[in-house]
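Hi everyone, thanks for coming.

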Amino acid sequence: MGGSRQNVTFPSNGRTAHGYLALPPRGVGPGLVVVQEWWGLTSQLADTVDRFAAEGFVALAPDLYGGRTTHDRDEAARLLRQLPVEQAAADLRGAVDFLLRQPQVVGDSLGAVGFCMGGGFALVLAAQEGDRIAAVVPFYGLPPDPDYDYRGLTAHVLGHYGERDRSLPAATVDEAAIRIGEATDRRPEIHFYPAGHAFMNEENLLGTYDALQARIAWRRTLSFLWGHLG
């Protein structure tokens with residue numbers, strides 16, 4: 001278990017949270033919260049933040065594990081189980097507050113992108129924060145509660161899921177999309193890829209990385225974010 005990449009701190013419900021922030025080449029741009037997988041704020045996630053920044057976003061990944069990272073599946077599962085949901089929600093809300101205060105951030109609403117557990121947290125964040133999140137992109141993740149109440153969500157939704165993801169069946173994804181549609185006036189745009197779970201993660205810790213599908217999902221994500229944040 002190694003340490004995470006951190007370069008900023010911000011207040012979170014009476015405590016100090018940490019994160020990794022990257023600025024775009026122009027110095028200003030739309031704000032984007034990037035939510036980690038269960039491995040933690042790893043160098044791979046920091047590289048993803050850098051990629052978003054290179055495309056023009058002021059991107060911030062809050063460190064929900066407080067500096068802990070792992071490449072071991074059992075350890076990752078333990079860290080996720082030990083993560084207090086209320087604390088994670090507070091850290092994500094603190095990240096939104098922090099980004100919206102930054103002079104480099106254009107506009108009064110942000111995007112949120114999350115991977116695996118972070119995909120679920122990104123949707124929860126969008127529902128919590130209302131019109132402060134204008135676009136949300138979950139990758140192969142949903143809130144842990146199948147009956148989650150999405151009524152606060154006003155963001156546009158783009159979801160990326162793997163057809164061969166044994167941990168998240170297509171029927172479960174479809175059901176969540178229907179729940180979002182029923183609870184809000186949004187109709188999520190959902191894409192299924194001929195791939196397994198975590199097909200975007202080039203570290204390939206689960207053996208499911210798919211470079212072609214990752215490129216397709218990445219292009220769709222950038223186009224979607226710029227369409228709603230630019």
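**Holes, a pocket and some rings**

Let's start with β7 (156–162) and α5 (170–183): each of them supplies at least two residues of the lining of the largest cavity. Those labels are DSSP runs numbered from the N terminus, where helices are H or I with at least four residues and strands are E with at least two. Before I go on, this is a predicted model, where local features need pLDDT of at least 70 and side-chain atom pairs need 80 or more, while totals for chains, interfaces and linings use all residues. Residues are numbered from 1 along each chain as its sequence is written, and side-chain values use heavy atoms, with hydrogens and water left out.

What's a cavity here? On a 1 Å grid over the protein atoms alone, it's a set of points where a 1.4 Å probe fits but cannot get out; a pocket is an open set with protein on both sides within 12 Å along at least five of seven lines, and lining residues have an atom within 4 Å of a point.

Back to our cavity: about 50 Å³ of space lies in it, and α5 gives the most to its lining, with 4 residues. Among the lining residues are Leu123, Val157 and Ile190. By class, that's 10 nonpolar, no polar and no charged. Nonpolar covers Ala, Val, Leu, Ile, Met, Phe, Trp, Tyr, Cys and Pro; charged is Asp, Glu, Lys and Arg; the others, Gly among them, are polar.

Now the largest pocket, with about 850 Å³ of space. Of its 31 lining residues, the closest to the centre are Cys116, Met117, Tyr140, Ser167 and His197. The lining has 18 nonpolar, 7 polar and 6 charged residues, and α4 gives the most, with 5.

So is His197 buried or exposed? His197 is buried, at 13% relative accessible area; buried means under 20%, exposed over 50%, partly exposed in between, with a 1.4 Å probe and protein chains only.

Finally, rings. There are 11 aromatic pairs, meaning Phe, Tyr or Trp rings (six-membered ring for Trp) with centres within 6.5 Å; planes under 30 degrees apart are stacked, over 60 edge-to-face, the rest tilted. Tyr148 and Tyr150 sit 5.1 Å apart, centre to centre, with planes at 80°, so they're edge-to-face. Tyr193 and Phe199 are tilted, at 4.9 Å and 40°, and both are buried. Ring pairs also link Phe115, Phe139, Tyr140, Tyr193 and Phe199 into a cluster.

Key. Points joined across faces, edges and corners; volume = space filled by probe spheres on them.
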